[in-house]
Amino acid sequence: MERIPILKMGQQLLVSIQVDMHDKLAMALQDDLTKRIVKDRARGVLIDISSLDIVDSFVGRMISDTALMAKILDAETVLVGMQPAVAITLVELGLTLDGVKTALNVERGMAMLERGAE
Amino acid sequence: MSQAQEGDGCSLLLACDEDVVRLRKAVRENMIHCGFSLIDQTKMITAASELARNALRYADGGTAFIETLKKEGKPGILVSISDKGPGIDDVELALTDGFTTGGGLGLGLSGAKRLTSEFSLDTKRGEGTTVTIVKWK
């Protein structure tokens, strides 16, 4: 089974979700991410979803849960790259992504995380 | 459901997560062919994805049926997801935002209704559920 790669950039971890998520993949990502937050003493997690043209409530739930797990481990999560059609659909779907900060792109997301870590 | 001319339909088996991906692709292709806008595609595919995941989660899978429609010259797309699961006991409750019996977010059914032009649900306890959504251009 493929696993979503996690990259380290300073004190932040970067995850780019480019494939359709299913249960096992989502769980593996949460597992890997929590381990890496502890191992790398990461202060922030950046989740890039610019490749996702569909975000349903399953993926939304996975992102919210991941942000909560990261917070428990003292790391902030920023979601970046949401496609406009996805944003419109999520609002209509009623998905609020509680506890997840958003930024337009990776640069702004990183800046947000670095500011927060000060 | 409204009166409409019926076009070609196709069926897909929903047995695993990969089938949800296949369903999305099929709906996408169909909608592009009919000239739907990107935002309409996104809403409809997201709604279909919610229903397909429901069938997998609650009923061990099901069947998806996609059909192009035409009404007064306007194209439409119909997606119907059927399962032979436990059925829904309280439909009104199930259609309430946040209500879930499966540890989800409880937005699938109500969301699918909001994202589409037409929504209908047929369920029988112990026999299964069919949810049909339609998006008109």
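The legends below describe close-up views of a predicted model. Residues are numbered from 1 along each chain as its sequence is written, and chains are lettered from A in the order in which they are written. In this predicted model, local features need pLDDT of at least 70 and side-chain atom pairs count only at pLDDT 80 or more, whereas totals for chains, interfaces and linings use all residues; side-chain values use heavy atoms, with hydrogens and water left out.

**View 1. The largest pocket has a volume of about 800 Å³.** A pocket is an open set of points, on a 1 Å grid over the protein atoms alone, where a 1.4 Å probe fits, with protein on both sides within 12 Å along at least five of seven lines; lining residues have an atom within 4 Å of a point. Grid points are joined across faces, edges and corners, and a volume is the space filled by probe spheres set on the points. The lining comprises 40 residues, and those closest to the centre are Asn54(B), Arg57(B), Tyr58(B), Thr100(B) and Gly102(B).

**View 2. Elements of chains A and B line the largest pocket.** Helices (H or I, at least four residues) and strands (E, at least two) are DSSP runs, numbered from the N terminus. At least two lining residues come from each of α1 (23-39) and α2 (57-72) of chain A, and from each of α2 (38-59), β3 (74-83), α3 (91-94), α4 (108-115) and β5 (128-136) of chain B. The largest share, eight residues, belongs to α2(B). By type, the lining holds 18 nonpolar residues (Ala, Val, Leu, Ile, Met, Phe, Trp, Tyr, Cys and Pro), nine charged (Asp, Glu, Lys and Arg) and 13 polar (the others, Gly among them).

**View 3. The second largest pocket holds about 360 Å³ of space.** Of its 17 lining residues, Val19(A), Asp20(A), Val21(B), Arg24(B) and Lys25(B) lie nearest the centre. Helix α1 (residues 17-33) of chain B provides the largest share of this lining, six residues. Eight charged, six nonpolar and three polar residues make up the lining of the second largest pocket.

**View 4. Five strands of chain A form an open sheet of mixed pairing, in the order β1-β2-β3-β4-β5.** Two strands pair if DSSP finds at least two bridges between them. The edge strands, β1 (6-9) and β5 (101-103) of chain A, each pair on one side only. Strands β3 (residues 44-48) and β4 (residues 76-80) of chain A are parallel, paired over five bridges, and Leu46(A) stands opposite Val78(A) in β4(A).
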